[in-house]
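Please look at the sequence and the structure first.

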Amino acid sequence: MFHSSRIEISKSALQSNISYIKNLIGENVILSSVVKGNAYGHGIEQFVQTAKICGINHFSVYSADEAYRVYKALDGKSEIMIMGWIDKSVIEWAIRKDVQFYVFNFFRLEETINLSKILKKKARIHIELETGMNRSGFIKKDFNKLFEILNTNAEHLIIEGLCTHYAGAESVANYVRINSQYKKFLQYNKWFSQKGLNYKAIHSASSAATMSYPKMRMDMVRVGILLYGFWPSQETFIEHISKQKLHHDPLKRIISWKSKIMGLKTVKRGEFIGYGNYYIALREMLIALVPVGYSHGFSRSMTNTGRVLIHGKRSNVVGAVNMNMIIVDVTDIAFVKIGDEVVLIGTQLDGEITVHSFTEMSEQMNYELLTRLPTNIPRKIVA
């Protein structure tokens, strides 16, 4: 292979996660797969094509560039919703292609209406309301103005949904704040409904809210990290398995990250290994060179603390993590040879390196580590 490592995505694990979540939310709730951040590092093109086969037909992205990638990967045959950035120069493309997008300020709303008139085609939009996140969304004092504009220009718009976003549903510490947002959203929904505004759905739940607050599932849930087999937080996981009376994690990790040994060397006792004086051999050692470093997403903070799997056994990173290489101790692993598989994340025989353990060693969040995996690492779908 040209590249020094590869990422594998398990179709069967993804199907299992989708089935579990769909069974939980019920058949009347739309499951929108969130694929922002390059599908949380898993690769947008490979992920959405596989998710489509597994029964997903609605995808949420953060920005227009991600929407374009989803559109191309699926030939425009699935619902796509942009939750964040879309430049006014791209709104025309979204309208023409029936790509849905959030509208959360008057600037975007006016640009959308103007382009819809010019194109003589309705824009498919979601109206985002501010309920306490204090990020994006129309605020309450602007509702009358908002309604008048929407009502006056109803012939140019399809309002797909009324939505909001919760400020940290993954932590019980935010319980009061989240419930306050939920109550406001219901009040705002009632206000717009009584005014006669026509919209298809209401939605507010992220992965955490989907699991921890069933009442917030509404007409659609926007699920990201769960589909990839991870939990928004340890709190969310413990609460869910407790409520469901489960004794195991119902989700399966769909990602594995693998490389190969590119070199072996014997180092004498007392010699330093790698750059600087980060590691000294306390015995004669056999070390393996692995062509993955911090430029590939293997954090430099894993110096002397990282682990990989070789022959199913954990091997310690020794010395500094280089830009393009790590050095690992294989002294106690028998029959090691150049070309042997190295698992950076995933399972091998009876061993496993989880993303959670990986992030604990590197002091990164699951989300951060996954989305930092470079896009040029090949992604491959496996059974």
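Which residues in α3 meet which residues in α4?

## Basis of the report

The model is predicted, so local features need pLDDT of at least 70 and side-chain atom pairs count only at pLDDT 80 or more, while totals for chains, interfaces and linings use all residues. Residues are numbered from 1 along each chain as its sequence is written, and side-chain values use heavy atoms, with hydrogens and water left out.

## Helices α3 and α4

I44, E45, V48 and Q49 in α3 meet E66, R69, V70 and A73 in α4, where contact means heavy atoms within 4.5 Å. The residues of this contact are four nonpolar, one polar and three charged. Nonpolar covers Ala, Val, Leu, Ile, Met, Phe, Trp, Tyr, Cys and Pro; charged covers Asp, Glu, Lys and Arg; the others, Gly among them, are polar. Helices (H or I, at least four residues) and strands (E, at least two) are DSSP runs numbered from the N terminus.

Two packed helices are described by the angle between their axes and the distance between the axes. Helix α3 spans residues 44-53 and helix α4 spans residues 64-73; they pack at an angle of about 50°, with their axes 9 Å apart. Axes are lines fitted to C-alpha atoms, for helices over the stretch in contact, and angles run from 0 to 180 degrees between N-to-C directions. The angle makes α3 oblique to α4. Angles under 35 degrees count as roughly parallel, over 145 as roughly antiparallel, 65 to 115 as roughly perpendicular, and the rest as oblique. The crossing of α3 and α4 is right-handed, that is, the near helix is turned clockwise from the far one by less than a right angle, anticlockwise being left-handed.

## Helices α1 and α3

Helix α1 (residues 11-25) also packs with α3, at an angle of about 60° and with the axes 10 Å apart. The two helices are therefore oblique to each other, and their crossing is right-handed. From α1, K11, L14 and I18 meet F47, T50, A51 and I53 of α3. Five residues of this contact are nonpolar, one is polar and one is charged.

## Helices α7 and α8

Helix α7 (residues 143-152) and helix α8 (residues 175-195) have their axes 11 Å apart and pack at an angle of about 40°. That makes α7 oblique to α8. This crossing is right-handed. The contact is made by F143, N144, L146 and F147 of α7 with Y188, W191, F192 and K195 of α8. It contains six nonpolar residues, one polar and one charged.

## Pockets

Rolling a probe the size of a water molecule over the atoms shows where empty space is left. On a 1 Å grid over the protein atoms alone, a cavity is a set of points where a 1.4 Å probe fits but cannot get out, and a pocket is an open set with protein on both sides within 12 Å along at least five of seven lines; lining residues have an atom within 4 Å of a point. Grid points are joined across faces, edges and corners, and a volume is the space filled by probe spheres set on the points.

The largest pocket has a volume of about 810 Å³. It is lined by 36 residues, of which K36, Y62, M83, R135 and H165 are the closest to its centre. Helix α6 gives the most to this lining, with three residues. The lining holds 19 nonpolar, eight polar and nine charged residues.

The second largest pocket contains about 340 Å³ of space. Of its 14 lining residues, W231, S233, Q234, H356 and N366 are the closest to its centre. Elements α10 (234-243), α11 (355-362) and α12 (366-371) give two or more residues each to the lining.

## Cavity

How many cavities of 30 Å³ or more does the structure hold? It holds one. The largest cavity has a volume of about 40 Å³ and is lined by E128, L129, E130, T131, M133, R135, S136, T164 and H165. By class, two of these residues are nonpolar, four polar and three charged.
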